Amino acid sequence: MKLKFVLVALFTVMLIAAVVTVAPAPAQTAPRRIEITASRFQFTPAEITLKKGEPVVIVLKSTDVTHGLRFKDLDFNLKANKGQTSELPFTPTKTGDFVGQCSVFCGTGHGKMKLTLHVVE
Ligand SMILES: [Cu+2]
């Protein structure tokens, strides 16, 4: 009777130890952060290159008024409020050159505020 108890106790301890020891799934490497600064009337950098299928986080920082970055062809639109930073995960699914535009009217040069995105294989 006592032996049985000891065995059960031992088994329980081993089970707990096993559960505790199992390493958590290896942390996935965090997606690359692509930092873009928006100010009247330009994006810096004005050109970025991404790899098709590689998840990234687009980080848009506004240094003055509210701006947005929109790629019509890619269903992507990210707005950064005045003086603030916002971010959006993005994984390009097709290769090519895409022109993004400021999506929030920000003044006389708004129409010229563009960013070229190259998506490569
Ligand atoms: Cu604008």
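This is a predicted model: local features need pLDDT of at least 70, side-chain atom pairs count only at pLDDT 80 or more; totals for chains, interfaces and linings use all residues.
Local features are taken at pLDDT of at least 70 and side-chain atom pairs at pLDDT 80 or more, while totals for chains, interfaces and linings use all residues. Residues are numbered from 1 along each chain as its sequence is written, and side-chain values use heavy atoms, with hydrogens and water left out.

The protein has one helix and nine strands, where helices (H or I, at least four residues) and strands (E, at least two) are DSSP runs numbered from the N terminus. Along the sequence the pattern is α-β-β-β-β-β-β-β-β-β. Of the 121 residues, 30% are buried; buried means under 20% relative accessible area, exposed over 50%, and partly exposed in between, with a 1.4 Å probe and protein chains only. Among contacts (heavy atoms within 4.5 Å) with a separation of 6 or more, 61% join residues 24 or more positions apart.

The copper ion has as protein donors Cys102 (SG), Val104 (O), Cys106 (SG) and His110 (ND1), at 2.1 to 2.6 Å. Donors are N, O and S atoms within 2.8 Å of the metal (3.2 Å for Na, K and Ca); water is not among the atoms, so sites may look incomplete. The spacing of the donor residues in sequence is C-x1-V-x1-C-x3-H. The angles between the four donor atoms run from 82 to 134 degrees, which makes the arrangement irregular. Four donors count as tetrahedral if all angles lie between 85 and 135 degrees; four count as square planar and six as octahedral if opposite donors are over 155 degrees apart and all others between 65 and 115; anything else is irregular. Cys102 counts as buried because its relative accessibility is 7%.

The whole structure contains two aromatic pairs. Rings of Phe, Tyr and Trp (its six-membered ring) pair if their centres lie within 6.5 Å; planes under 30 degrees apart count as stacked, over 60 as edge-to-face and the rest as tilted. Phe76 and Phe90 form an edge-to-face pair, 5.1 Å centre to centre with 65 degrees between the planes. Phe76 lies in strand β6 (residues 76-80) and Phe90 in strand β7 (residues 85-90), so the pair ties together parts 14 residues apart in sequence. Phe76 is buried at 5% relative accessibility, and Phe90 is buried at 11%. Ring pairs link Phe71, Phe76 and Phe90 into a cluster.

Ser62 belongs to strand β4 (residues 56-62) and is buried, with a relative accessible area of 1%. Its side chain reaches the backbone nitrogen of Asp64 at 3.3 Å. Leaving aside residues up to four places away in sequence, Ser62 touches Ala38, His67, Ala80, Asn81, Lys82, Gly83 and Gln84.

Technical notes. A polar contact is a pair of N or O atoms within 3.5 Å; within protein, one must be able to donate a hydrogen and the other to accept it, and residues adjacent in sequence count only if both atoms are side-chain atoms.
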